[in-house]
Amino acid sequence: MGLLDKLKSLLFGKEAVSEGKQDAKPGAKPADEAIVEKPAEQPVAAKPAEDKVEQVEQKHIIQKPKEEKPVADKITVGHVHMSGCTGCLVSLADNYEGLLTILDKYADLVYCLTLADVRHIPEMDVALVEGSVCINDECSMEEILETRERAKIVVALGGCACYGNTTRFCRGGQQNQPQHEGFVPIGDLIKVDVYIPACAPTPQQIRNVCLMAYLLLKGNDEQKALATAYLTPLMNLAAAGTEACGCDLMTEVINQGLCMGCGSCAAACTVRAITMQYGKPQVERDLCIKCGACYAQCPRSFFSFDVCGQYESITELIGEVMKP
Ligand code: SF4
Ligand code: SF4
């Protein structure tokens, strides 16, 4: 008999104790039992069996192969679209399987209004900025400043971002684009690390810059050295500023005897300021809008001889990393 029963029997007699027990609800434990009587202990013999199951489970967990994280060493890349025609993005996409290989192995696309559903510019390793900036548009101004704050490497992608290119039509008394009066290349507003000039740059060149950025940030010493060699002329272009001219082509290619008469410069000039005469380009300076496209498209222009010496190693490296 429990303590409570003893008290009850002393106060009300033995019947009260047995009545109380009968009134209990089915399945419910009598209050006195809950307080005084210990529940029956589980048989000790059952425990080792449980332990065994636990051990087997643990063993199973340990033996599971470690999950590989393919994104662990990727860099993060964003495409920031300012005022441009989207031709550079199309050129990036024209890498087809090459783009998939890059996204699979080397870079996560963390910002791209066209391809990724992200509304605010995030922290990223490389920002590919396409287009020039309308200085009358507050959002564009904020966006370009944010891009500089949040990206380790800012790349001006294409002639508009580098030199203004066709958006220069909005300046110098020429016809304005609707409502906007001033477009400037991004280098006039922020520090830019790398230029990929041309209108539009080739898919291969955009791809190569992405790969080289990856190797520069994640590669071994040898790869870093080759990536630096590849990127140096493009960094020099960025350091040279936002002014370009057909004169660059004259002084640095044609007058140096480097021109091979391919006509790429004339084809690149959007205002037809270059004509090929006797197999050589002639620049009509009054027509030139100083976009830099001719110089950028010329295969003999900004790739310095330092890089040419390492051309084979760089090509091999690109071939190796682009293997599917
Ligand atoms: S010559 Fe034509 S392509 Fe070259 S900078 Fe002038 S406008 Fe641009
Ligand atoms: S692109 Fe360069 S190599 Fe070709 S014609 Fe023009 S200046 Fe000469």
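**Questions on a predicted model**

Analyst: Valine 126 is in contact with Ile75, Val77, Ala151, Ile153, Val155 and Ala213, leaving aside its neighbours within four places in sequence. The structure discussed here is a predicted model.

User: Which residues of the largest nonpolar core touch the most other members, and which helix gives the largest share of this core?

Analyst: The largest nonpolar core has 74 residues, and those that touch the most other members are Val126, Val129, Val155 and Ala156. Nine residues of this core, the largest share, come from helix α9.

User: How many helices and strands are there in the protein, and what percentage of its residues is buried?

Analyst: The protein has 15 helices and nine strands. Among contacts between residues at least 6 apart in sequence, 76% join residues at least 24 apart. Of the 324 residues, the buried share is 34%.

User: In what order do the five strands of the open sheet stand, and which strands are at its edges?

Analyst: The order in the open sheet is β2-β1-β3-β5-β7, with parallel pairing. Each edge strand has a single partner, so one side of it is left without a neighbour in the sheet; these strands are β2 and β7.

User: By how many degrees are neighbouring strands of this sheet turned against each other on average?

Analyst: The average is taken over neighbouring strands of the sheet, with direction ignored. It comes to 25 degrees.

User: Over how many bridges do β5 and β7 pair, and which helix packs on the sheet there, touching β5 and β7?

Analyst: Strand β5, residues 151-157, pairs with β7 in the parallel sense over three bridges. Leucine 157 stands opposite isoleucine 196 in β7. The helix that packs on the sheet and touches β5 and β7 has a direction at about 95 degrees to that of β7; this is helix α10, residues 221-240.

User: Which residue in the turn of the hairpin formed by β8 and β9 has a positive phi?

Analyst: Strands β8 and β9 pair in the antiparallel sense over four bridges. In β9, valine 283 is the bridge partner of isoleucine 274. Two residues lie between the strands of this hairpin, and the residue in the turn with a positive phi, about 50 degrees, is tyrosine 278.

User: Which side chains of strand β9 point to one face and are buried?

Analyst: The side chains along β9 alternate.

User: Is alanine 198 buried or exposed, and is arginine 272 buried or exposed?

Analyst: Alanine 198 is found in the loop between β7 and α9, and arginine 272 in the loop between α12 and β8. Neither is a glycine, yet the phi of alanine 198 is positive at about 100 degrees and that of arginine 272 is positive at about 55 degrees. Because a residue needs 20 or more C-beta neighbours within 10 Å to be buried, alanine 198, with 27, counts as buried. Since 12 or fewer makes a residue exposed, arginine 272, with 9, counts as exposed.

User: What is the omega of the cis peptide bond that joins cysteine 199 and alanine 200?

Analyst: Most peptide bonds are trans. Alanine 200 lies in the loop between β7 and α9. The cis bond joining cysteine 199 to alanine 200 has an omega of about -15 degrees.

User: Which residues come nearest to ligand 1?

Analyst: The shell around ligand 1 divides into 13 nonpolar, two polar and one charged residues. Of its 16 residues, those that come nearest are Gly246, Cys269, Cys288, Cys291 and Cys294.

User: Which helix supplies the largest share of the shell around ligand 2?

Analyst: Of the 13 residues around ligand 2, the nearest are Cys259, Cys262, Ser264, Cys265 and Cys298. By class, this shell has nine nonpolar, three polar and one charged residues. Helices α11 and α12 each supply at least two residues. The largest share, three residues, comes from α11.

User: What separates the C-alpha atoms of isoleucine 318 and leucine 211?

Analyst: Isoleucine 318 lies in helix α15 and is partly exposed, with 18 C-beta neighbours inside 10 Å. Not counting residues up to four places away in sequence, isoleucine 318 touches Asn208 and Leu211. Although isoleucine 318 and leucine 211 are 107 residues apart along the chain, their C-alpha atoms are separated by 7.6 Å.

Conventions
Residues numbered from 1 in each chain as written. Chains lettered and ligands numbered in written order. Predicted model: local features only at pLDDT ≥ 70, side-chain atom pairs only at ≥ 80, totals over all residues. Core = buried A, V, L, I, M, F, W, Y, C linked by C-beta atoms within 7 Å. Contact = placed C-beta atoms within 7 Å. Near = placed C-beta within 6 Å. Nonpolar A, V, L, I, M, F, W, Y, C, P; charged D, E, K, R; others polar. Pairing = 2+ DSSP bridges. Axes fitted to C-alpha atoms, helices over the stretch in contact; angles between N-to-C directions.
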